[in-house]
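Hello,

Here is the structure for you to look through. My notes follow below it.

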Amino acid sequence: MTLVEKYALLPEEIDRQSLVMVGESLKGNIAASGLSDSERYVLHRIVRAEGDPDIVGDVRFSKGAVDAALDSLRTARRVITDVRMVQVGISRAALTRRGIATACLIDAPEVAERALREQTTRSVAAVRELAPQMNGAVVAIGNAPTALLALLDLIDSRQIAPAAVIGMPVGFVACPESKAELAARDVPHFTILGRRGGSSAAAATVNALLDLLED
């Protein structure tokens with residue numbers, strides 16, 4: 001018997017069994033209690049993407065974040081991402097069914113030029129370049145803390161008003177601080193406090209929301 005024959009399952013069965021296992025691992029977890037069905041579904045998707053039930057204690061949803069994000073996906077139909085890894089991790093089939101577009105400019109020449117001109121990172125420059133598309137959109141940050149900080153600066157200065165922010169950068173320098181700043185704001189948001197997070201978690205959050213649209 002090959003290893004594929006021994007362990008591998010079809011995608012639908014992998015998905016079903018994974019969510020069952022996540023649910024079992026979170027039974028009795030106080031941090032996972034008190035959530036709505038929709039919030040719990042998003043949480044389970046994040047745990048599955050990270051492969052780590054212990055992350056639950058650091059996951060934060062602001063009140064009404066799920067509804068705000070769903071309303072945006074139904075109307076604005078636009079998701080802005082900081083990096084291609086988040087963008088390509090979002091289900092293309094689900095996006096197509098709903099007519100939802102994504103945008104990412106991290107590797108665009110104009111972003112590299114802007115970063116050089118403004119003496120900043122490409123992550124910051126990409127967020128600033130995408131600002132005109134962010135009003136009413138879902139913005140998903142899954143890589144650089146500087147991208148989230150730049151986004152919050154734009155929100156604080158009232159240059160943009162996204163419908164919801166998925167702020168899940170990963171790392172050490174300014175990473176916990178960037179997510180603490182997001183959690184302190186009124187903008188509808190999803191985040192993972194501390195150093196953990198990443199593109200997989202941000203994309204999983206968007207995919208969970210897309211699943212909820214199908215219900």
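In strand 4, V138 is the bridge partner of V79. Strand 2 (residues 78-81) and strand 4 run parallel, joined by three bridges. (Two strands pair if DSSP finds at least two bridges between them. Strands are DSSP E runs of at least two residues, helices H or I runs of at least four, both numbered from the N terminus.)

This is a predicted model: local features need pLDDT of at least 70, side-chain atom pairs count only at pLDDT 80 or more, and totals for chains, interfaces and linings use all residues. Residues are numbered from 1 along each chain as its sequence is written, and side-chain values use heavy atoms, with hydrogens and water left out.

Strand 4 (residues 138-141) also pairs with strand 5 (residues 164-167), in the parallel sense, over four bridges. There, I141 stands opposite G167. Strand 4 is covered on both faces: V138 and A140 are buried on one side, V139 and I141 on the other. (Buried is under 20% relative accessible area, exposed over 50%, partly exposed in between, with a 1.4 Å probe and protein chains only.)

Next, helix 8 (residues 122-130). Its buried residues are S123, V124, A125, A126, V127 and L130. They pack against strand 2, strand 3 (101-103), helix 7 (109-118) and helix 9 (145-156). (Contact means heavy atoms within 4.5 Å.)

Now the cores. A nonpolar core is a set of buried Ala, Val, Leu, Ile, Met, Phe, Trp, Tyr and Cys residues joined through side-chain atoms within 4.5 Å. The largest has 43 residues; V42, L73, I166, F190, L209 and L210 touch the most other members. Helix 11 (residues 199-214) gives the most to this core, with nine residues. Leaving aside neighbours within four places in sequence, L210 contacts L73, I90, S91, A94, L95 and I100. Another core, of 22 residues, lies apart from the largest one and includes L130, A147, L151 and V165.

Last, a loop residue. V170 sits between strand 5 and helix 10 (175-183). Is V170 buried or partly exposed? V170 is partly exposed, because its relative accessible area is 38%. Not counting residues up to four places away in sequence, V170 touches N143, P145, C175, R195, R196, G197 and G198. V170 and A183 are 13 residues apart in sequence and 15 Å apart in space, C-alpha to C-alpha.

Best wishes
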